[in-house]
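Hi,

Here is the structure I promised to pass on. Have a look at it first, and my notes follow below.

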Amino acid sequence: MEAVLYICHGSRIKSAVSQAIEFVESCKSLRNEPIQQYCFLELSQPTIAQALEKCVALGATQIRAIPVLLLTAAHAKIDIPLELEKAMQYYSQVKLQLGKPIGVNNELTNLLYERIQQTYQPITANSKILLVGRGSSDLDVKRDLSLIGKLLEQKINHPVHICFLTGCKPYFRELIAELNDSEIDRIFIVPYFLFTGLLINGIRKTVKEYSQKNNTKYVLCDYLGNASVVVHALNNRINEISFNKVLS
């Protein structure tokens, strides 16, 4: 019997966990597998081991595990595979294959543009656009967000600056501090995040702090959330999973 295991990151913030579950429920509606379970890598439950146990108890013999993540970094490359490997040692009769995070996706770039449009603020020649990622020491993250920034540039015909909250430069807070030119009319801040959480709250706090320091207008766009294009992008990643190579 086939199953899908959705592996979310997890959060200390209840609304972020609720949003992740709501997102998974939207994904589940597109699938035909009789068994579909969600879990969290950290900070929330059920854990990966608990959800795997549930899948097997329900009769799963083939499991497609999918990271509910935007970009590929240490969580997708190291942490999730390690947790799956530890849990799967008890289920030698079960086949499991791990899929890829969403990655660079042009449909999500269209959604970023929509998020900018939803602010109802015009992009002028004196506007700045910051695409903000979580950040990582993994070079793939910086490369991928740079590619996404280039795609967004082409779509809006305006320069896009990428920055990160942690892990690699340029840092969001440092870039915000540098943009103090009186000729800048507004700064659009575009978070490349799936859900709310501590990091989104940190962005809001920084924006509020700098809004009180100068007359520049800061325009904070919404995160990606439970948009249909994101749901379909993850569903496509599930469809790509093959059992030619098996983690067991």
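Asn105 caps the N-terminal end of α4, with a side-chain oxygen 2.8 Å from the backbone nitrogen of Glu107. This is a predicted model, so local features need pLDDT of at least 70 and side-chain atom pairs count only at pLDDT 80 or more, while totals for chains, interfaces and linings use all residues. Residues are numbered from 1 along each chain as its sequence is written, and side-chain values use heavy atoms, with hydrogens and water left out.

Back to α4. Helices (H or I, at least four residues) and strands (E, at least two) are DSSP runs, numbered from the N terminus. α4 covers residues 106-117, and its 12 residues should span 16 Å at 1.5 Å a residue (the expected span is 1.5 Å times one less than the number of residues). The end C-alpha atoms are 17 Å apart, which agrees. Its buried residues (under 20% relative accessible area; exposed is over 50%, partly exposed in between, with a 1.4 Å probe and protein chains only) are Leu108, Thr109, Asn110, Leu111, Leu112, Arg115 and Ile116. Among the elements covering them (contact means heavy atoms within 4.5 Å) are β5 (127-133), α5 (139-156), β7 (186-191) and α8 (228-240).

Next, two loop residues. Asp138 sits in the loop between β5 and α5 and is buried, because its relative accessible area is 17%. Its side chain makes a polar contact of 2.8 Å with that of Lys77 (a pair of N or O atoms within 3.5 Å; within protein, one must be able to donate a hydrogen and the other to accept it, and residues adjacent in sequence count only if both atoms are side-chain atoms). Leaving aside residues up to four places away in sequence, Asp138 touches Thr72, Ala73, Ala74 and Lys77.

Asn214 is in the loop between α7 and β8 (217-220). Asn214 is partly exposed, at 25% relative accessible area. A polar atom of its side chain lies 3.1 Å from the backbone nitrogen of Thr216, and its side chain also makes a polar contact with the side chain of Tyr218 (3.3 Å). Ser182 is 32 residues away along the chain, yet the C-alpha atoms of Asn214 and Ser182 are separated by 9.0 Å.

That's what I have so far.
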